[in-house]
Amino acid sequence: MATEPHGTVETTEAPKHESGGLPQLQFEHWGGQIVWLLLIFAVLFAVLSKVLLPRVSGAIETRGAKIAGDIADARRLKDEAEVQARAAAAEVAEARAKAQKTAADAKAVASAAAAERQAKEEVALAEKLAAAEARIQIARDEAMGHVRAVASETAGAIVQKLTGKAATAAELKASLA
Amino acid sequence: MATPIDPMHQFLIKKIVELPTVTVPGLGALDLSITNSIAAMLLAATLIMVFYGFASAKAAVIPGRLQTVGELLYGLVDGLTSSIIGHDGKKYLPFVFTLFAFVLFCNLQGMLFGWTGNFLGFTATSQLAVTLTLGMLVILTVIAVGFAKNGLKFFKLFAPSGVPWPLYFLLVPIEIISFLIRPVTLALRLFGNMLGGHVVLKIFATFVSILLAMAPAYWLVGVLSLTSVVALTALEFMVAFLQAFVFAVLTCVYLNDVVHLDSH
């Protein structure tokens, strides 16, 4: 059945063809093509515009939204991290300052204590020195006091040795004065 | 076996399924039988729907290969409508896209399945009836959009402002003619490109078989002919895409004329 019209088309076509006519200008085929084309186009347009293209654009929009969201998230996280980094840096600086202050304080306390101790020590030393000096003074005075007695004794002994008789205490005292 | 050079044979309309003839009052008999041209158009539309059915089935955030190609074509037309028509372009995207996809698939079908020798490889866009219908479809849509958006101000399209009034006697008829000729140029451009390319391909390809059947002395010419067939086939694929693109671009341009009539 399909071959019969095929044949008829060929035979009716042949003379036209020889005269150089385009097959496209056989107007008996125009009506069917136009009607079918409009029908096909309408169906294709309906299916594409109502079903398929919204799905395609939906996917593209979802992707765009996802990318934008992800970038916004990343930016937010970066900002957060920066804030945290700044806070951490500030904390470190504060801790360092505190540590330096503590160290300085400790040093000051220690040096103050050392100075006090030194002063105390010096006072004690000075006292000991004074006491020692006083003792020396006393010892010297005592020694000096003994010198007279030693001298008188020595003189008495010398006089006795030389004269053979002991000198009196008064005589010795008078000669030593 | 002699091969007749008959490059027009590929454009012959052949009936595939006989359907009853409908008599339309005022127009006469209308043969609705499915011919190879109609079958090719049906196939193109089906392929588009199947392709986009699969391409948009998952609608994944990370697209697969099919989805990437589908979105590429969509993005191409989307870029056209938004760059030519502007912000309102999205509204006309389905229409322009349908035109683009239909013309592209019809063009490519003839290139890809031509070897089958039946309706699968029939190039429906090489039929003047088809391209003229598409052209009329575009211009009627443009007129409909023009009236819907501007009402009777639509006629300002033919009378650009900022012109000394005596010039209107010359300008208005030119504008009207250039507007009315748009569907014809749309139709003839597509028709001519597909027809011409296919005819040239056919002639060169026929040369190859004729020359190779002759004495060995002619074989060199046959090889040259074969080389040009290969090159022309590549060119023809480009033309197939380019003409669909041009059709979509011009549709956008014509739509833009009536959408932004005020800025004329």
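Here is a short chat about a predicted model and its chain A.

Biologist: What should I know before I look?

Modeller: This is a predicted model, in which local features need pLDDT of at least 70, side-chain atom pairs count only at pLDDT 80 or more, and totals for chains, interfaces and linings use all residues. Residues are numbered from 1 along each chain as its sequence is written, with chains lettered from A and ligands numbered from 1 in the order in which they are written.

Biologist: OK, what's the pattern of chain A along the sequence?

Modeller: It reads α-α-α, with three helices and zero strands. Helices (H or I, at least four residues) and strands (E, at least two) are DSSP runs, numbered from the N terminus.

Biologist: And which elements have the lowest and highest mean pLDDT?

Modeller: Helix α1 of chain A (residues 3-18) is lowest at 40, and helix α2 of chain A (residues 30-163) is highest at 92. pLDDT is the predictor's confidence in each residue, from 0 to 100. Chain A averages 85, but residues 1-19 of chain A stay under 50.

Biologist: Switching topic, how many residues of chain A are in contact with chain B?

Modeller: 41 residues of chain A, with 41 residues of chain B; contact means C-beta atoms, placed from the backbone, within 7 Å.

Biologist: Which element gives the largest share on the chain A side?

Modeller: α2(A), with 27 residues of the side that touches chain B.

Note on methods
Contact = placed C-beta atoms within 7 Å.
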